[in-house]
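Trainee: I have a model open and would like to learn how to read it. Where do we begin?

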Amino acid sequence: MLKKILEHLKIHTDSKFADLGGGSGLFTHLLKEGVPLESDAICVDPSEAMLLNAGQYRGLQTYCESAEVFAQRQMPLNRILIKESIHHIRNRQSFWKKISSGLTSNGRILVVTRPSLPGFPLFKRAMTAFSESQPELEVLLSEISASGLRSVANTEEYYVEIPKERWYTMLRARFMSSLTSFTSDEIEQGILEVDGQLDGDQIRFTDRVFFVVIQHKTK
């Protein structure tokens, strides 16, 4: 994932980079160190608890606010990452117009997202919660075009095989934001539902990921 993001985002050492929905700051930190960036990277997330963790990494500026609020700052940036958090942006039409105002002429935004029906095993209610919040790729691309930006979507597929117990630990940890509304008892019941549909000790699936590169339209 890190390699693909660097490939599509094309961050340079002098890039002004922001990670919208950066959470704990871990991925922001890895990207900054992977280049490495000359200036601080920006990590934006509405969760104060998540950003407390980001404070351990040197060279990160944090903003405790939503991507939509941050976009209103119209801060000059040339590289922006929105990794698995586009579904949190409710008024995307307004967001694209605001964020593009600060995007430099040669800048690019990378959205990393998944189909509304992912390949990994979720219990029925969790799958519904995920699919209801996840915008379809065609809708997302149409919104981007309507805002005056252009986009290119690339699809990557990853074969995943992990032990059941590791996957269940991830579910219990609510590794996806769509799981946060479920109680511990509901998660345990969901794990039983998933377990009843699987054989053996390993979980195998193909994970489809969309990498959408967004730039200003050329004149």
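Predicted model: local features only at pLDDT ≥ 70, side-chain atom pairs only at ≥ 80, totals over all residues.

Trainee: How many helices and strands does the protein have?

Mentor: Helices (H or I, at least four residues) and strands (E, at least two) are DSSP runs, numbered from the N terminus. Here there are nine helices and seven strands.

Trainee: What share of the residues is buried?

Mentor: Buried means under 20% relative accessible area, with a 1.4 Å probe and protein chains only. Of the 219 residues in the protein, 45% are buried. The C-alpha trace spans about 55 × 40 × 30 Å along its principal axes.

Trainee: At what angle do helix 1 and helix 2 pack?

Mentor: Axes are lines fitted to C-alpha atoms, for helices over the stretch in contact, and angles run from 0 to 180 degrees between N-to-C directions. Helix 1 (residues 2–9) packs against helix 2 (residues 26–34) at about 60 degrees, and their axes are 11 Å apart.

Trainee: Which residues meet there?

Mentor: Contact means heavy atoms within 4.5 Å. From helix 1, L2, I5 and L6 meet F27, L30 and L31 of helix 2. By class, this contact has six nonpolar, no polar and no charged residues; Ala, Val, Leu, Ile, Met, Phe, Trp, Tyr, Cys and Pro count as nonpolar, Asp, Glu, Lys and Arg as charged, and the others, Gly among them, as polar.

Note on methods
Residues numbered from 1 in each chain as written. Heavy atoms only, no water. Buried < 20%, exposed > 50% of the residue type's maximum accessible area, 1.4 Å probe, protein only.
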